[in-house]
Amino acid sequence: MAKILIVEDEQHMLSGLKDNLEFEGYEVDTANNGHTGLDKIMHSSYDLILLDVMLPKISGFDICKKVRKEGVITPIIFLTAKSEEIDKVIGLESGGDDYITKPFSLREMLARVKAVLRRTQDNDSQSEKTKYIQIGNLSVNFDTYNAFSNEKPEKLSSKEFDILHCLWRRKNGTVTRDALLDDVWGYDYQPTPRTIDNFILKLRQKVENDPNNPKYIITIHGIGYKLILD
Ligand code: CA
């Protein structure tokens, strides 16, 4: 279940939120002032933060700006007593994901919490999925240089990754040998055409069902290569 931090200096508000979120099954941590809140955000991990704006000494907006600057991407919902449009703008500009204006109903608060959690958790699984690209028998992650073939890890050299990436970026279009050379080897060192052919042969063995009769990495004679993907 999601872990939520509430930063709120009004004790009745804090305990009310805590009880209700715990009743819904969330794991709840609390901070009753800005400095404790900031400290907890920086040193623990949460799925969501409910952050009061009007806190003594350091405002919720400033806490949000600070933690975003430090690279914290946990979603933040501001709790604000002010309903003016300007505050909403400042809130979202400081890196918040949503805001709830006090006084709010329990139903509204829970709906906002669920919506933000659903949105961020969907995004996570979505980006996790799109990181792996299926090319023939090979499932490749170009960010982490990982590859799998039939669920088993497959070893590719960094040059093989780079060549495949170059072809994939221009998939279904012809990539000339020169473009491949510039992209993968740069201008300093130029391998012979034979070297590129050898890399392509190795890639075909990992990608194709029948490397001698390629369906994915096609040679365009006298010009270069083409990666065919749906
Ligand atoms: Ca307050």
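Predicted model: local features only at pLDDT ≥ 70, side-chain atom pairs only at ≥ 80, totals over all residues.
(Buried means under 20% relative accessible area, exposed over 50%, and partly exposed in between, with a 1.4 Å probe and protein chains only.)

A few words on how to read the numbers. Residues are numbered from 1 along each chain as its sequence is written, and side-chain values use heavy atoms, with hydrogens and water left out. Local features need pLDDT of at least 70 and side-chain atom pairs count only at pLDDT 80 or more, while totals for chains, interfaces and linings use all residues.

On to the overall layout. The protein splits into domain 1 (3-131) and domain 2 (133-227), with bounds that come from an automatic or database domain assignment. The C-alpha centres of domain 1 and domain 2 sit 45 Å apart.

Next comes a sheet. Five strands make up an open sheet in the order E2-E1-E3-E4-E5, with parallel pairing; its edge strands are E2 (27-31) and E5, each of which pairs on one side only. Neighbouring strands of this sheet are turned by 20° against each other on average, direction ignored. Strands are DSSP runs of E with at least two residues, helices are runs of H or I with at least four, and both are numbered from the N terminus. Two strands pair if DSSP finds at least two bridges between them. Between E4 (residues 76-80) and E5, which run parallel, there are four bridges, and Phe78 stands opposite Tyr99 in E5.

Helices lie against this sheet. H3 packs on it and touches E3 and E4, its direction making about 165° with that of E4. Helix H1 (residues 11-23) lies across E1 (3-7), E2, E3 and E4, and runs at about 170° to E2. Contact means heavy atoms within 4.5 Å; axes are lines fitted to C-alpha atoms, for helices over the stretch in contact, and angles run from 0 to 180 degrees between N-to-C directions.

Gly60, Phe61, Ile63, Cys64 and Val67 are buried in H3. They cover an arc of only 160° around the axis, which puts them on the same side of H3; the arc is that of the directions from the helix axis to the C-beta atoms. An α-helix has 3.6 residues a turn, so residues three or four places apart point the same way. After H3 comes Gly71, with a positive phi near 90°.

Lys57, though not a glycine, has a positive phi of about 75°. Lys57 is in the loop between E3 (48-52) and H3 (60-69), and is exposed at 81% relative accessibility. Asn172 is not a glycine either, yet has a positive phi of about 65°. Asn172 belongs to the loop between H6 (158-169) and E10 (174-176), and is partly exposed at 39%. Finally, the peptide bond from Lys102 to Pro103 is cis, with omega near -5°, and Pro103 lies in the loop between E5 (98-101) and H5 (106-130).
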